[in-house]
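Student: I would like to learn how to read salt bridges in a structure. Please take me through some cases.

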Amino acid sequence: MASALGKPLPEDDIRVPVDGLKLGQVVEVTTIAPLAGSRSQATKVPTTLEFPSQDVLVLRTERHDDRTESALLFVPDDAQSFLQNRIAEYGSDIQEGERRPDLNRFEVIEAIRPTRPATLFLGRVDFNSKAASWWELWIPRASANADSLSGLILASGLDLHGDRLVFPEMTVLFVHGPPIAVARFAALVPGAISEIRRATGTIEPFLDRGEGRVGQHDWVSDLASRTQSPPADAPAVCILDTGVAAEHPLLAPGLRGAWAYDAAWGTDDHHPDGGHGTALVGLALYGDLAPHMSSTEQVQLAHAAESMKLLPPSGFPPTQPPSYGILTQGAIGLVEIERPDVVRSYCLANSATDFPSSRPSTWSGALDQAAAGSMPGDGAGDLPAPQRPKRLVLVATGNVSGGMLADVTVLQALEDPSQSWNALTIGGITQKDHVPPPTVFSPVVPANSRSPFSRGSTSLPPDLTPIKPEVLFEAGNMVSDKSGWCAWNPAVSLLATGSDTVSEPLVPFWATSAAVGVAGHFVGQLQAALPGRWPETYRALTVDSARWPEPIRKKLMGKGISWASKTKAQMQTILREVGYGMPDIQRAVSSARNDVTLIAEAYIQPFAFGADGRTPVFNEMHIYDLPWPRGVLEQLENEIVTMKVTLSYFIEPNLTGKAATRPETYRSFGLRFDMKKRTETTTQFRERVSATQSTDAPAPAEEKSCWLLGPKSFQAGSLHCDLWRGRAVDLSGHDAIAIYPVGGWWKSQPGQRRVTDQGRYALVISISAPGHSVDLYTEINNLVEVQEIEALVR
């Protein structure tokens, strides 16, 4: 330990003072590896490793492939003796039966090593390179003053970007310079910087198009003549992309605004080969145009569309990588200034490959802020957290761009920012597998399979990252030639509006960009059909309405009432590829006789101060008595029924160095749900749930679990969904559900003065008995009148 801390001699001390930060050193602490055969995800860095009273603080944590974790620990000079003494006391001889001091702090620690400034950098960095790049400097607000640090950055000769991202416990500054110069600066201010990341270099959201053309002007004229504009107060789907051809005959009836982040860019669609934003706007208004082109029916648009140009055209300086999160938030703010008080959702098809999606980024964190209503300006006038504007943001997973068959069919990881907790992440599925003859091509996947363009989260740590994507929409298919080379093809693509209205008003469109456009169409319809709901509710209803097509269902369903013979971890792996399936708009907006959906929207105060007036404690728990029609369920007896529970809320993000391995430090608060067991009393149920809150871990199961995933599957994210499948008579005994809080930075950081803030959530529960002629809807609707949950009606 002494060698790791090694205070420099006065003549060798290059450190400079930073306001709010003591002089000190950073050491790396590593945990031991789990025992061979252990099912533990990893040996975690203890949360008790810090000594806040001594300003000994964890700057960053990271998980390694060998299931160990490491932490960068800042130790002030005046706390070195204190820490060395505590470690020495832990290692001292003890009497038999005596408990070793600080066991919970030091037992799992394998090594403590000195660090170099290079340790702060994430990813591979060539320190011999003289090329200047943009870098993100993550500044913990509790230990350093970002304004003071900004002055030191400029004094060191590095360029400092004028924008910054501010989170409750972290400020992200953007500097420009060679990596060795940035490392030298970091050496001057140990403890001021928790990590350094290369700012995203290039966004590559679009695929090359080719020469294929689809459609003719008479198709466009015919459909335009059959299309009716949406009502004046209709909800809107705002496309954040490359602009729009506003004069397009199919877009003019529903387009309510077109803007650019920089007015000098113009609002037209500058993307070549038929545009990109124009196609997205068309898909958001109509969905895939192909069915409309072969129909003669009238088309009444229920929702409108808007376009905000997010990316600069050729001839303008490219957006600087540090600004993607700020730019996205700024674009959202401009839209809401231009058309205030509009119910809308946002679609983002852009993604970046430079940053790993296994941890929050500044871009994904900015989306989480936008959804939660914690962007700059959202809290104007000291609005309470629940009253700040909430937003539904749809984001694409990112794309696989083609290649050899063996590479294309293997699921690849999400692209930034689709790991966002609050955004609804859209993956791709395809129902297109017909390639007309004569052809040498074959579809890469059969119909009703995950689109080969789509990405997922199977390679990400399941205890640290949300299940993504949550839902799938049509993204088109690829085709392969005899050599196994795979690429897009018009025959298995969607039909969309093109930006060249003179010569090519219709174009093929594909990949998860197409999927997020179709998802926007779905959400626009949902908001129009069920006005007045919260964004959290629309997100929950979208997921609740989703169902897996048969090829995917076969992987999950077993014989009889059982799920497939897989572990719950294996089930989650499948969901991290395909989410909860394909949403169904009819199921989302109405209940059927044997398929009923219940909704609750509620405010909750997760935390409060305890009896001493200083210590934050858990506060509210909500318990709903479920209006199950016992008579009908008992009549069905051993027949199979399915219940789906979806809990949706928005967290305020706290981007810190610990967020990658401690989800509770990233979220403002967390919520969980639990069902009353058949043999439990209400009192026993409440006591059991209370016992799980502090550890965010469920009690051991006392009866057979009929859940697909089970409560251990939800440790990250702000949407939690699970399915119960079993006998109808058994479901009747699960007649209550609890919504309860788990930890977050509102509780763990009382200095932020958010302990007593309220949050809110949407709870959606559906029950279905497919194939049975029972009237669940009427029975439940009669009981709902005296319950706090309300039923959806046709």
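Student: Is aspartate 222 buried or partly exposed?

Tutor: First, the basis: this is a predicted model, in which local features need pLDDT of at least 70 and side-chain atom pairs count only at pLDDT 80 or more, while totals for chains, interfaces and linings use all residues. Residues are numbered from 1 along each chain as its sequence is written, and side-chain values use heavy atoms, with hydrogens and water left out. Buried means under 20% relative accessible area, exposed over 50%, and partly exposed in between (1.4 Å probe, protein chains only). Aspartate 222, at 35%, is partly exposed.

Student: Which side chain does aspartate 222 meet in a salt bridge?

Tutor: Side chains of opposite charge can pair when their charged atoms come close. A salt bridge here is a side-chain nitrogen of Lys or Arg within 4 Å of a carboxyl oxygen of Asp or Glu. Aspartate 222 meets arginine 226, at 3.1 Å from N to O. Arginine 226 is buried, with 6% relative accessibility.

Student: How many salt bridges does this rule give?

Tutor: The count is 32. One of them joins glutamate 62 to arginine 60, at 3.6 Å from N to O. Glutamate 62 is partly exposed at 24%, whereas arginine 60 is buried at 5%.

Student: Are arginine 455 and glutamate 415 buried or exposed?

Tutor: Both are buried. Their side chains form a salt bridge, at 3.3 Å from N to O.

Student: Which residues are linked in a network of salt bridges?

Tutor: Arg388, Glu652, Arg754 and Asp757 form such a network.
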